[in-house]
Amino acid sequence: MSGVRLDKLVANLGYGSRKDVQAMVRAGRIRLGGAPVAAADRKLSPQEAASLTIDGDPIDPLPGVVLLMNKPVGLTCSTKEAGPLVYDLLPERWRRRDPPLSTVGRLDKDTSGLLLLTDDGALLHKIISPKTHLPKRYRATLARPLRGDEAEVFAAGTLMLDGETKPLLPAHLAVLGSTEVQLTIIEGRYHQVRRMFAALGNHVVVLHRDALGELTLPEDLPEGEFRSLSEAEVSAALSAGNFHTQVT
């Protein structure tokens, strides 16, 4: 972002129309460095934009934001599915942002845990690209005890899902108990974890994602809550070198 007009920026962050923002400026509600902004069409550098306050509060995160959410069960990531959306957990103003916030991949309605949202289209597509191979780690509770060869089958890279013609890439299974496992995959096929266990005659009862790349879900982030990631966190956790981490 370089030399963006104040009224366009603030409107695109969901605070209202450009006319609304212009009225906010005239009322002295928008300040820069503690002083009221004089003109709504003022051009702002990224540093200036980030230091704006509105009604005394820091401005919302600028475009390029990445959010880490602890998704609860019962919410969907797509309007194509029935039920409330993960976007309903965001402040109303954030749901009016332009460009809009989108989920980075999806967790189905019955899956909880780590979910990213961003308005950075390039980053979103880089992460979800089939060529990315970003590790995704899940904890699963199964309906029936493990039969004993699941880790070997998943690691072989030969398992075929029902209705598909291409085998899955190798995945790593760590056994936590007779019906409790931790599974790391590097693909993102439709309902992949559930279908993997279904292919071996089992059923996933509870599914929770706790890591994506080198990002782990913070223990102190309650269900339904989210926080912004810093550029350093995004760079460190989702750097190019980590995208091609192989599951062994």
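Okay, Arg97 and Trp94: in this predicted model, Arg97 lies over the face of Trp94, 5.7 Å from the ring centre. The rule for that is NZ of Lys or CZ of Arg within 6 Å of the ring centre and within 35 degrees of the ring normal.

A word on bookkeeping. Residues are numbered from 1 along each chain as its sequence is written, and side-chain values use heavy atoms, with hydrogens and water left out. Since we're looking at a prediction, local features need pLDDT of at least 70 and side-chain atom pairs count only at pLDDT 80 or more, while totals for chains, interfaces and linings use all residues.

So how confident is the predictor? pLDDT is its confidence in each residue, from 0 to 100. The chain's mean pLDDT is 92, and 95% of the residues reach 70 or more. Residues 240-248 are below 50, though that stretch still has 24 contacts in the model beyond near neighbours in sequence; contact here means heavy atoms within 4.5 Å. Where pLDDT is low, the predicted coordinates should not be read in detail.

The overall picture, then. The chain has eight helices and 15 strands, where helices (H or I, at least four residues) and strands (E, at least two) are DSSP runs, numbered from the N terminus. Its C-alpha atoms fill a box of roughly 70 × 35 × 35 Å along the principal axes. Of the 248 residues, 43% count as buried, and buried means under 20% relative accessible area, with exposed over 50% and partly exposed in between (1.4 Å probe, protein chains only). Take the contacts with a separation of 6 or more, and 65% of them come from residues 24 or more positions apart.

Back to aromatics. How many aromatic pairs does a search of the whole structure find? Two. Rings of Phe, Tyr and Trp (its six-membered ring) pair if their centres lie within 6.5 Å; planes under 30 degrees apart are stacked, over 60 edge-to-face, and the rest tilted. Phe154 and Phe197 have ring centres 5.3 Å apart and planes at 85°, so that pair is edge-to-face. Phe154 sits in helix 5 (residues 150-156) and Phe197 in helix 6 (residues 192-199), 43 residues apart, so to speak a link between distant parts of the chain. Both are well inside the cut-off for buried: Phe154 has a relative accessible area of 2%, and Phe197 has 1%.

Those two phenylalanines turn up again in the largest nonpolar core. That term means a set of buried Ala, Val, Leu, Ile, Met, Phe, Trp, Tyr and Cys residues joined through side-chain atoms within 4.5 Å. Of its 34 residues, the ones touching the most other members are Leu90, Phe154, Leu183, Met196 and Phe197. Elements giving it two or more residues include strand 7 (66-71), strand 9 (111-118), helix 5 and helix 6. Apart from this core lies another, of 20 residues, among them Leu13, Val21, Ala40 and Ile54.

Setting aside neighbours within four places in sequence, its contacts include Tyr138, Phe154, His172, Met196 and Phe197.

Now helix 6. Its buried residues are Gln192, Val193, Arg194, Met196 and Phe197, and what covers them includes strand 9, strand 10, helix 5, strand 11 (172-175), strand 12 and strand 13. Just after the helix, Gly201 takes a positive phi of about 80°.

On to strand 7. Six of its six residues are buried. Val66, Leu68 and Asn70 are on one side, with Leu67, Met69 and Lys71 on the other, and both faces are covered. Strands count as paired if DSSP finds at least two bridges between them. Strand 7 runs antiparallel to strand 9, joined by six bridges, and Asn70 has Leu114 as its bridge partner there. Three bridges join strand 7 to strand 15 (residues 226-228), also antiparallel, with Leu67 opposite Ser228.

There's also an open sheet of four strands, in the order 3-2-5-6, with antiparallel pairing. Which strands are at the edges? Strand 3 (35-36) and strand 6 (57-58), each pairing on one side only. Two bridges join strand 2 (residues 30-32) to strand 3, and Leu32 stands opposite Ala35.

Last stop, Leu238, in the loop between helix 7 (231-237) and helix 8 (240-243). Buried or exposed? Leu238 is buried, at 5% relative accessible area. From Ala151 it is 87 residues away in sequence and 26 Å in space, C-alpha to C-alpha.

Methods:
pLDDT = per-residue confidence, 0-100.
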